[in-house]
Amino acid sequence: MDSSLPPTPFDAVVDPEPAEAAVRSGRPTARADEFATQIKETADKLLRDGAARGDVKLVATAVRELRYCFKVFAAYRGTRKAVVFGSARTKPDHPAYAAAEVFGRRIVEEGWMAITGAGSGIMEAGHKGAGRDRSFGLNILLPFEQSANPVVHGDPKLVTLRYFFTRKLMFIKEADAVVLFPGGFGTHDEAYEALTLVQTGKSHIFPIVMVDEPGGCYWKLWQRFVEDALLTRGYISPHDLSLFRVTDSVEDAVKEVTNFYRVYHSMRYVRGNLLLRLRTGLTDRTLERVQWGFGDILAGGKFEQVAALPEEANEPDLAKLPRLKFRFDRHGIGRLRQLIDTINAEA
């Protein structure tokens, strides 16, 4: 992969500091080719350990699948992408199918691309709305063989994977938003995967929207369960409810996704500080409100508006964006979402 390409938002969280920063600080940092050597050495160790054939096959398949996915997505890093989840069993005459198709069309009109699991039902609807040229498909091999839907079948942006864990990783890694329509176990698995990774800070933060059919109550019932069974028992905090939105309006879903990036652009950790990159600088009034209203998420110091740091030299396209720098306690991701919403609303 071309190392000159800008990282995805996910990369900026899991590998936040470029090699240049480590060199200046005197800390050794492995280069990409050194990581590749580690992969080869790990493969040799598997053989020395006497690992079972199936275990070695699992590792080899996962690495091969991820490498190919990275190659497919690399050329589209500069384009925002919405991941659309939902049931493969939803029929074309169902209102949820129609809603997913409209969402796919509307999000493309906003300049985005759509990623789905490439199957039938809601996945096909999202692709139909987005169109073949603006669609990615991450298909999964199942015992009963889920085939790709006609929209993306044969397209170079279609990838078929053997393992759910590699598939889910790619969904989250490339997501600028996750939008969920009604579905079964798989849809809920994907919903909780997104919520868990964002809540724990293992992923970048992005909008997560649950979309009912017009007048529907599917996700409203789920939200009631979350509030009555999880929140009241203390299994989640009140601020965690800010990590998702429930609506039965496609237009509201589109606005929720796009407005999240109205001022906020992306995030990155540098030397223990969290940088929120912004499309426009904050006014003194907004910065004062942030200082006053969100001090509880600071691990020390205060909020500062700064220019790009030297450690961000590997992202020249973002150099002109102002930053909000602060030492985030990394606990209150829901509060961080509220901070971003405040910035988007006031700036």
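Colleague: Let's begin with H265: which residues does H265 touch, not counting residues up to four places away in sequence?

Modeller: H265 touches R80, R277, L278, R279, L318 and L321. Contact here means heavy atoms within 4.5 Å. A word on the ground rules: this is a predicted model, where local features need pLDDT of at least 70 and side-chain atom pairs count only at pLDDT 80 or more, while totals for chains, interfaces and linings use all residues. Residues are numbered from 1 along each chain as its sequence is written, and side-chain values use heavy atoms, with hydrogens and water left out.

Colleague: Thanks! Why is H265 called buried?

Modeller: Its relative accessible area is 16%. Buried means under 20%, exposed over 50% and partly exposed in between, with a 1.4 Å probe and protein chains only, so 16% puts H265 in the buried class. H265 belongs to strand β8 (strands are DSSP runs of E, at least two residues, and helices are runs of H or I, at least four, numbered from the N terminus).

Colleague: What makes β8 part of a sheet, and in which order do the strands stand?

Modeller: The order is β8-β9-β11-β10, four strands in an open sheet with antiparallel pairing. β8 (264-270) and β10 (304-306) are the edge strands with a single partner each, so one side of each lacks a neighbour in the sheet. On average, neighbouring strands are turned by 25° against each other, direction ignored.

Colleague: How do you know that β8 and β9 pair?

Modeller: Two strands pair if DSSP finds at least two bridges between them. β8 and β9 (residues 273-278) have six bridges, in the antiparallel sense, so they qualify. Along this pair, Y269 stands opposite L274 in β9.

Colleague: What lies across β8, β9 and β11?

Modeller: Helix α12 (residues 333-346), which runs at about 30° to β9. For such angles, axes are lines fitted to C-alpha atoms, for helices over the stretch in contact, and the angle between N-to-C directions runs from 0 to 180 degrees.

Colleague: Let's turn to charges. What makes R277 and E315 a salt bridge?

Modeller: The term asks for a side-chain nitrogen of Lys or Arg within 4 Å of a carboxyl oxygen of Asp or Glu. R277 and E315 meet at 3.3 Å, N to O, so the pair passes. R277 is in strand β9 and E315 in the loop between β10 and β11, 38 residues apart, so distant parts of the chain are linked. Both residues are buried. Shared partners join R268, R277, E312, E315 and R323 into one salt-bridge network. The structure holds 27 salt bridges.

Colleague: Why are α7 and α8 called oblique to each other?

Modeller: Helix α7 (residues 164-174) and helix α8 (residues 185-199) pack at about 55°, with axes 11 Å apart. Under 35 degrees is roughly parallel, over 145 roughly antiparallel, 65 to 115 roughly perpendicular, and the rest oblique, so α7 and α8 are oblique. At this packing, R167, K168, F171 and I172 in α7 meet D189, E190, E193, A194 and L197 in α8.

Colleague: Last one: what makes V179 count as buried?

Modeller: V179, in strand β5 (residues 177-180), has 0% relative accessibility, so it is buried. Leaving aside neighbours within four places in sequence, V179 is in contact with V83, V84, F85, F103, V209, V211 and V257. The C-alpha atoms of V179 and I208 are 5.9 Å apart, though 29 residues separate the two along the chain.
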